[in-house]
Amino acid sequence: MPHHKTISNLIRNLFRLRVSPTSLQFRLTLELVTLSAFGVSAVAFWAGWQMEQNLLTSHKQLLEYVAMRFPEQVEMYSEGKTIEVSLERTIDKLSTSGVAIWVKEPNGKILSKSSGMNMPSIDLVETISQTAAPVKPTIVQYGDRYLVLCGNPLTVNGMLVGKVYLSQDITSDRHQLTTGINRLIAIGILAICLLTISISQRIRKTLQPLAQMSQIASYVSADDLGAAKLELQQAPDEILGLATAFNDMTVRLSGAWEQQRQFVGNVSHELRTPLSVVLGYLQSLLRRGDNLSPHQQNAISTAIAETDRTIRMLQDLLDLARADSGNLHFRHSPVVLNTLVAEVIEMSQKVSKHPIEMMATTADIVALADQDRLMQVLINLVDNAIKYSNSPIEIAIEQTGDLAIIHVRDRGIGIALEHQNRIFERFYRAQDSSTRSRDGTGLGLAIAKSLIEGMNGKIILRSKPGEGSIFTIALPIWKSLP
């Protein structure tokens, strides 16, 4: 019973090893287990074959010895005696436990046979008489029993007396051998299971640094490239070398990213001023251009819109650069979310006429935040919801513990799962550009994330294609001094 429990536990452990068939761990485990199983099977097969040969050899040697001595003994006892008496004395002397002997004349008459427990059965004698008994001891199956059998001509004093048959019942020894081989097979299977678990766990432990490296590479962002380092103490030299190269790569990427941020910030700052001047001249020209043709007025209007869009994008880039460098300052103060959300809804409806519903409790919820920055984030989220939804927009406010929660929900096209992890990246667009407005810069959600995190808050997204999206903002509750 304990043996069956051990095997059951091993099988359950094997099923718990959820490894991808295409992974390196699975392939190495499969190859090593296959080699181990081949080795264990070869050893078990050789051991079983050797046990069987040892058993058969001992019995065959006994019958060969008896067959060799039988004619000599008969001649020795034949002096002054009849052949029947000589045969009986010889059979009695050479008979051992389990060995049956009988002698038959050429005409088929039995001259003599062993008696007692070694007496051959009549069925066995008749069966052997109908077939040619082998000269060398050979194993034959008789019913459900196994016998070692041989038959040799018997010549006494130069005269052919007949044929002597010798058989030994080895059924019991055969069953013991089969039981031993079955146990050997069971031990081999158990050993293979143990090897499978041990090899898999050892390979998993050896490959753990690679899994750690993959996890860091999957979750590292541009903001924490410098802190993304692998700390490996006990690992193979090859993996340690790979980890060192990985750490050096993240340091280089962090430096390159910092240079890019500085470049974007500097370029945004330097370009915004001349573009503002250009925008001012274009607007002045349009206001005073009474002699302009409709085509010229449309061209100037288009130039004004594109210039204004470029200035706003540069302002967004400048805000992001300031946030990255820590130079974007916040004025934290108590903000009544009920009032702020109502103002955002009023402002948005004046522009778009899109229905927006507010869901809040009667009690005011006061958050600790920068009111202007938070309004900027909410307007951006509401504008996005209006662009991609024809249904009413819902803004819900609630308090959970020490957090003030704002949910901005739309029932529009939604965002696919593969895009949700990157939706807050700069210039990233979840949908094809043909479905989006040219007014967008692709920086709104990145700025929203930077602003909310600058106010010690957090913004997350939950979305399902075809059902809409929910942007959730969590900010700390304002606590008045006692």
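Residues are classed by relative accessible area as buried (under 20%), exposed (over 50%) or partly exposed (in between), with a 1.4 Å probe and protein chains only. The structure is a predicted model, in which local features need pLDDT of at least 70 and side-chain atom pairs count only at pLDDT 80 or more, whereas totals for chains, interfaces and linings use all residues. Residues are numbered from 1 along each chain as its sequence is written, and side-chain values use heavy atoms, with hydrogens and water left out.

A search of the whole structure identified seven salt bridges, a salt bridge being a side-chain nitrogen of Lys or Arg within 4 Å of a carboxyl oxygen of Asp or Glu. One of these joins Arg 145 to Asp 169, with 2.7 Å between the closest N and O atoms. Because Arg 145 belongs to strand β4 (residues 145–156) and Asp 169 to strand β5 (residues 159–169), this pair ties together parts that are 24 residues apart in sequence. Strands (E, at least two residues) and helices (H or I, at least four) are DSSP runs numbered from the N terminus. Arg 145 is partly exposed, at 38% relative accessibility, and Asp 169 is likewise partly exposed, at 30%.

A further salt bridge links Asp 402 and Lys 479, whose closest N and O atoms are 3.7 Å apart. Asp 402 lies in the loop between β9 (393–400) and β10 (403–410), and Lys 479 in the segment after β12 (468–476), so the contact ties together parts that are 77 residues apart in sequence. Both Asp 402 and Lys 479 are exposed. Lys 464 and Glu 467 also form a salt bridge, with an N to O distance of 3.7 Å; Lys 464 is partly exposed at 49% relative accessibility, as is Glu 467 at 48%.

Helix α10 comprises 17 residues (371–387), which at 1.5 Å a residue should span 24 Å, and the end C-alpha atoms are 24 Å apart, in agreement with that value. The expected span is 1.5 Å times one less than the number of residues. At the start of α10, a side-chain oxygen of Asp 370 comes within 3.1 Å of the backbone nitrogen of Asp 372. Buried residues of α10 include Arg 373, Leu 374, Val 377, Leu 378, Leu 381 and Asn 384. In general, an α-helix has 3.6 residues a turn, so residues three or four places apart point the same way.

Trp 49 is located in helix α2 (residues 24–77) and is partly exposed, at 41% relative accessibility.

Note on methods: Polar contact = N/O pair within 3.5 Å; in protein donor to acceptor, adjacent residues only side chain to side chain.
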